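Please look through the model below before reading my notes on it. I have kept them in numbered points, so that each can be checked against the structure in turn.

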Amino acid sequence: MSKDMRSTASLACFTGEPLFPETLSVGRPQSGDTDRFFDRLRDMFSRNWLTNHGPMVQELEAAVEVRLDVKHAIAFCNGTVALEMMLRAQEIKGEVIVPSFTFIATVHAIRAAGLMPVFSDIGSTHLLDPDAVERAVTPNTAAILGVHTWGQGCEIERLQFLADQHGLKLLFDAAHAFDCTYRGRPLGGFGVCEAFSLHATKVFHSFEGGLVTTQDDAVAHRLRLMRNFGFSDYDTVVCAGGNGKLSEPAAAMALTNLESLSSFISVNRELHEVYRRSLQGIPGVGLLDYDPRERQNHQYVVLEIDQDGFGMSRDQLLRILQAENILARRYFYPSCHRMEPYRTLDPEAGHRLPVTTSLCERVLVLPTGGQIAPIDAEDIAHLIGFCQREAGAIRARWEHDA
Ligand code: T4K
């Protein structure tokens with residue numbers, strides 16, 4: 001059966017078979033040539049050097065410095081620890097302005113660094129709104145932590161202006177933004193520091209891993225000490241630190257994946273284009289378009305579902321997609337200010353976050369990456385179109401079955 005000729009009854013949430021026999025996910029890992037990876041592991045065993053700033057970690061850091069055009073890239077065991085150490089390395093106290101519309105790790109890292117998150121609203125592109133940031137500045141503000149959500153660069157000039165005006169550190173969570181640009185320059189070289197995630201679900205991964213990039217020699221030196229317990233030599237500890245080290249197998253994975261990154265990104269770009277074409281004109285469905293002047297990794301295909309235009313809510317659509325084995329995700333739902341401990345720490349935060357509050361009910365991220373063929377993306381889009389056209393009948397059947 002053609003996938004856009006289904007009847008309401010044939011939806012898997014009623015009586016039908018799922019459209020896809022296997023689950024299609026957001027964030028299925030894309031990995032490079034496994035032979036190259038195993039060769040690197042064999043070399044590692046012959047050297048018997050497994051971790052602690054080994055040769056492959058050093059090679060990875062050098063490769064990232066070139067690729068992102070930054071002076072320093074410091075590898076960490078994961079993106080959350082990279083964020084936390086980046087914050088600790090600033091040697092600041094007080095409040096950090098951050099969006100609530102982000103993965104919870106961004107905010108947990110602020111708390112773990114002994115700082116207080118202050119949530120700011122976002123604009124229509126899902127990025128920090130500099131006007132809202134300005135309103136959130138108090139005498140206790142120490143830093144702004146922007147998030148380059150979906151690989152889009154924040155409004156960096158305006159945030160930098162605010163940071164300079166108020167004497168604040170400007171930092172970025174660039175977890176989504178490897179190989180993306182802002183005004184034609186790679187993200188990674190802005191603010192004081194930027195932190196990346198190399199988690200398995202990211203377009204460029206090292207199983208688990210993270211990076212902090214900076215142009216500042218002193219901050220880089222501190223970060224290198226901090227990730228290794230603060231040791232400056234075998235017996236001397238010169239600052240507080242922890243274990244933030246990336247292992248050699250993880251670096252081997254990253255080096256291997258770096259060789260294939262451009263092809264992963266072309267696959268994502270093509271899928272994004274198929275989704276864009278096939279979703280066009282469906283009432284109530286907005287696809288977040290990326291700035292064509294910038295380089296994007298196209299890791300996230302992000303929809304906004306407007307319930308009135310679409311005829312059903314984002315959550316009702318999600319229920320249908322999941323039954324069809326399409327594991328779309330509600331990133332970032334609920335937003336951070338509605339999760340503990342932040343809900344208790346600042347129960348009134350929602351009043352300052354109207355865009356975040358409304359967006360959280362509408363965003364849906366669709367599967368992409370190597371697991372998805374262009375025809376799958378077309379079928380998913382056609383299914384979404386079908387749901388819109390049949391929204392009344394589907395809702396009626398749910399009510400009848402309830
Ligand atoms: N800042 C931001 C803005 C972030 O988005 C993140 C992480 C961080 C900071 C922190 O960086 P890390 O400390 O994680 O390096 C995922 C990822 O775990 C997380 O890294 C990511 N952001 C977040 C947006 O998404 P979950 O809980 O949604 O992942 P999970 O386990 O549901 O996996 C996603 C899908 O991928 C599933 O359908 C299963 C599939 N999968 C996953 C893994 C790990 C596989 O098929 N194979 C696999 O090996 O958080």
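Predicted model: local features only at pLDDT ≥ 70, side-chain atom pairs only at ≥ 80, totals over all residues.

1. Residues are numbered from 1 along each chain as its sequence is written, and side-chain values use heavy atoms, with hydrogens and water left out.

2. The chain is divided into domain 1 (8-29 + 260-401) and domain 2 (34-256), with bounds that come from an automatic or database domain assignment. Taken over C-alpha atoms, the centres of domain 1 and domain 2 are 28 Å apart. Where the two meet, 38 residues of domain 1 are in contact with 40 residues of domain 2, contact being heavy atoms within 4.5 Å.

3. The largest pocket has a volume of about 470 Å³, a volume being the space filled by probe spheres set on grid points that are joined across faces, edges and corners. A pocket here is an open set of points on a 1 Å grid over the protein atoms alone, where a 1.4 Å probe fits, with protein on both sides within 12 Å along at least five of seven lines; its lining residues have an atom within 4 Å of a point. Because domain 1 and domain 2 both give residues to its lining, the largest pocket lies between them.

4. Of the 25 residues that line the largest pocket, F103, S197, H199, T201 and K202 lie nearest its centre. The elements giving two or more residues to this lining are α3 (79-88), α4 (104-112) and β9 (193-197); helices (H or I, at least four residues) and strands (E, at least two) are DSSP runs, numbered from the N terminus.

5. T213 belongs to strand β10 (residues 210-214), and T213 is buried (under 20% relative accessible area, with a 1.4 Å probe and protein chains only), its own value being 0%. The side chain of T213 reaches the backbone oxygen of G188 at 2.7 Å. Although T213 and D69 are 144 residues apart in sequence, their C-alpha atoms are 9.8 Å apart in space.

6. S313 lies in the loop between α9 (307-310) and α10 (314-323). S313 is also buried, with a relative accessible area of 16%, and, neighbours within four places in sequence aside, S313 is in contact with I305 and Q307.

Conventions:
Buried < 20%, exposed > 50% of the residue type's maximum accessible area, 1.4 Å probe, protein only. Polar contact = N/O pair within 3.5 Å; in protein donor to acceptor, adjacent residues only side chain to side chain.
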